[in-house]
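Me: Could you help me look through this one? I'd like to start with the aromatic rings.

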Amino acid sequence: MDFAALMSKEISKAKGTDSTKPAGPSKDDDAPASPTKKYMRRGEVEAQRVAAYNEEQERLQKEREQRLAHKRKLEDEDAAKRRDREEKKRRYAEESKKRRDEEEEREERERRRRLGLPDLPSKTEGDETPPHDRAPEEDIGEDELILKLREMDEPTRLFGESHPSRLRRYRRLVQRAATLQKLSDGPIPTILEPVPGGQMLISPKIPKEQEDRLFLFRQLASYFNMVLSEWELALAKRDVSVRQSFQGKQAYNAMLQSRDNMKPLFRRFEKGDLEDGLLEPIVEMVHKLQQRKYVDANDAYLRVSIGKAAWPIGVTMVGIHERSAREKLHQSDQQAHILSDEITRKYLQSIKRCLSFAQVRWPPEDQLQIMG
């Protein structure tokens, strides 16, 4: 074998080794599939910016709509809750008004039953007319309304009261006056039924039963009306010269003032709420008057008017030490009711004037019972 054959054999071996060698990465494999642009046009950049801006605006618009929808939902829920609360308040107000009306009607029926008045007419569902179906009531002028209230001895104006409120108050007073039946037409009109003359004699003890107390109030009202009637009749029988004199006019004015001042006492008789601390001395005075013991009746009046308080005379505090039982000098075992309020003072003084007239109209058999 010559040299040329050996060289070719070796060359062929070398070529076979290169052909069996695994292929590695080449330069062409590292290159991208499509070559990127190194520079971009201004129009392309502006188009990309506009597209990004539009996407951002769409996202913000969606978020805004979501917030508005959520806010609208919350407002609707709050409105629904507010409507529920208003409906509950309205129902509660209607129920409270209904209960209050029923309570007032029950109290009125009980009061009428105690006083022997006719019962209120029963209300049926068919008789009740809805407020919107009722005929509109006629309005009254301001001046005429004030005159009507004055005729009823009611305040013409209340603080913060408007004309419609004043008109409603007047209509309530008219309706109340229509329902009340005056059974007595004496000097002081009252709903208390008068008792006959033989039943006016009052016991010195105050009864405990409610019916007996109501009868006692009827006795007191009848007796005071009888005394005032006799007083007015005695003043009317005087001569014209005496009636027109200054002293005669003063006596007549004193009778009118006493009659007006005793009206609150009659109202308390009608309600039956006169406390025992004030009822006891009044009953004692009337009992003594009926027995013509005017001095004893005057003593009862003094006890209820000025009480039994000790009036300290002279030195009450000597030295630095407190005197024993000194506090009793300024205390009373009975309250002076005449000084408690103005209304009480007035009708107690009116009872005292009735006492002064009674000893002239019905003089006592015992001359020692005549007051000075």
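Me: Which residues do ring pairs link into a cluster?
Reply: Ring pairs link Phe-217, Phe-266 and Phe-269 into a cluster, where rings of Phe, Tyr and Trp (its six-membered ring) pair if their centres lie within 6.5 Å, and planes under 30 degrees apart count as stacked, over 60 as edge-to-face and the rest as tilted. This is a predicted model, in which local features need pLDDT of at least 70 and side-chain atom pairs pLDDT 80 or more, while totals for chains, interfaces and linings use all residues. Residues are numbered from 1 along each chain as its sequence is written, and side-chain values use heavy atoms, leaving out hydrogens and water.

Me: ok, and how many aromatic pairs does that rule give?
Reply: The count comes to 5 aromatic pairs. Among them, Phe-217 and Phe-269 are stacked, because their ring centres are 5.6 Å apart and their planes lie at 20 degrees. Phe-217 sits in helix H6 and Phe-269 in helix H9 (residues 263–271), 52 residues apart, so this pair links distant parts of the chain; helices are DSSP runs of H or I with at least four residues, and strands (E) of at least two, numbered from the N terminus.

Me: Is Phe-217 buried or exposed?
Reply: Phe-217 counts as buried at 1% relative accessibility, and Phe-269 is buried too, at 0%; buried means under 20% relative accessible area, exposed over 50%, and partly exposed in between (1.4 Å probe, protein chains only).

Me: What about Trp-231 and Phe-357?
Reply: Trp-231 and Phe-357 form a stacked pair, 5.7 Å centre to centre with 15 degrees between the planes, and both are buried.
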